[in-house]
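Biologist: I am new to this model and would like to learn how to read it. Could you walk me through it?

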Amino acid sequence: MTPSRSPRRARILGAVTLAAVAALTLASCSSAAKSGHGSAVITGANGSTSAPGSTSASTSASASPAAAPVHVRLTNSDGTTVGIGMPVIAYFSKKITSAKALQQATTMTVNGAPATGAWYFETSAAFKGYPIEGHFRPQKFWPAHATIHIGMPIKGLSAGEGLAYDDSLTLDFSTGSADIAVVDDVSHTLHLTIDGQDKGTYPVSLGASNTRTRSGIKVIMEKGRVTRMSGPGYDECCVKYTQRLTYDGEYLHSAPWNVSNIEHGVDSSNGCTNLLPSDAIKLYGLLTIGDVVEYPNANGGKMQLGQGYGDWNVPWPLWLTGGLVSTS
């Protein structure tokens with residue numbers, strides 16, 4: 001491996017934060033666009049619990065008894081604490097054609113007070129037999145240090161003509177501090193604030209001209225102390241302090257082979273954000289899953305929803321349309 005290149009394809013070898021990571025397939029560290037999701041879920045086990053049938057939606061949203069069942073599973077887990085950028089992600093066992101009843105029935109409280117959120121849908125390959133994926137979020141990032149409850153009393157409600165949900169769900173989770181990292185490709189630095197307080201500026205090397213880093217707002221999807229990264233001409237077994245930002249393999253990670261380019265502000269990675277080893281260790285300890293990493297001027301294309309947790313790149317007026325499945 002030459003000093004000017006960072007690993008391009010990755011698979012997890014060492015200890016990681018999420019149990020579901022063991023199912024990950026090889027993923028590229030380049031910034032090439034990827035349509036849809038990979039074959040594994042990044043964020044963890046289903047944390048939903050059963051709840052009574054819907055009482056909040058209108059009776060007109062109820063489906064006929066002969067409707068085909070649609071099962072819903074959440075990837076988020078009850079009792080977790082996540083960063084302020086973490087969306088609620090649900091998977092649907094059939095291609096629903098209407099999300100109006102779901103949107104009307106879903107309730108949210110933040111610190112016990114009613115709050116507003118909305119669903120947005122896309123095709124998915126994350127779970128076999130679950131072809132539709134829906135993300136639920138508020139207009140802006142979740143408030144920090146908050147307790148959040150999501151109610152989905154949807155059992156029996158219509159998911160479109162001839163379709164009805166067969167389960168109701170709830171989710172309870174918390175947010176930690178407001179951790180926001182901004183990666184500037186002009187100054188070649190990552191600047192971190194936590195609850196508005198300056199927590200340091202760190203030199204970085206981003207993607208080279210032929211392996212660019214996506215711009216836009218990204219969210220930390222998983223963390224791994226040791227990750228194997230391989231690609232044409234190299235196979236590095238022990239890339240350390242990795243924090244995944246996209247399905248196809250953009251990471252924050254330690255890059256001891258690339259120290260000179262990091263220190264001199266030269267973009268030379270295969271799309272990842274290369275960090276000095278000591279900085280990578282520090283940031284690994286400060287950041288958590290769901291934290292926000294913004295790339296306002298990176299040299300690649302704009303981050304899209306299906307390339308990771310790119311939810312915050314979708315403008316709110318567009319989000320309110322529901323995307324693939326209408327919510328109105």
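Modeller: Gladly! Helices (H or I, at least four residues) and strands (E, at least two) are DSSP runs, numbered from the N terminus. Here, S177 lies in the loop between β13 and β14 (179-184). The model is predicted, so local features need pLDDT of at least 70 and side-chain atom pairs 80 or more, while totals for chains, interfaces and linings use all residues. Residues are numbered from 1 along each chain as its sequence is written, and side-chain values use heavy atoms, without hydrogens and water.

Biologist: Which residues does S177 touch, not counting those up to four places away in sequence?

Modeller: Contact means heavy atoms within 4.5 Å. By that rule S177 touches I84, A144, H145, I194, D195 and D291.

Biologist: How do I read a sheet?

Modeller: Strands of a sheet pair through backbone hydrogen bonds, either parallel or antiparallel. Two strands count as paired if DSSP finds at least two bridges between them. In this model, an open sheet of 5 strands runs in the order β5-β13-β11-β7-β8, with mixed pairing. β5 (81-82) and β8 (113-114) stand at the edges with a single partner strand each, so one side of each has no neighbour in the sheet. β5 and β13 (residues 169-175) run parallel, joined by 2 bridges, and T81 stands opposite S174 in β13.

Biologist: And what is a nonpolar core?

Modeller: It is a set of buried Ala, Val, Leu, Ile, Met, Phe, Trp, Tyr and Cys residues joined through side-chain atoms within 4.5 Å; buried means under 20% relative accessible area (1.4 Å probe, protein chains only). The largest one here has 48 residues, and F92 and Y165 are among those with the most contacts inside it. Strand β6 (residues 88-92) gives the most to this core, with 5 residues.

Terms used
Buried < 20%, exposed > 50% of the residue type's maximum accessible area, 1.4 Å probe, protein only.
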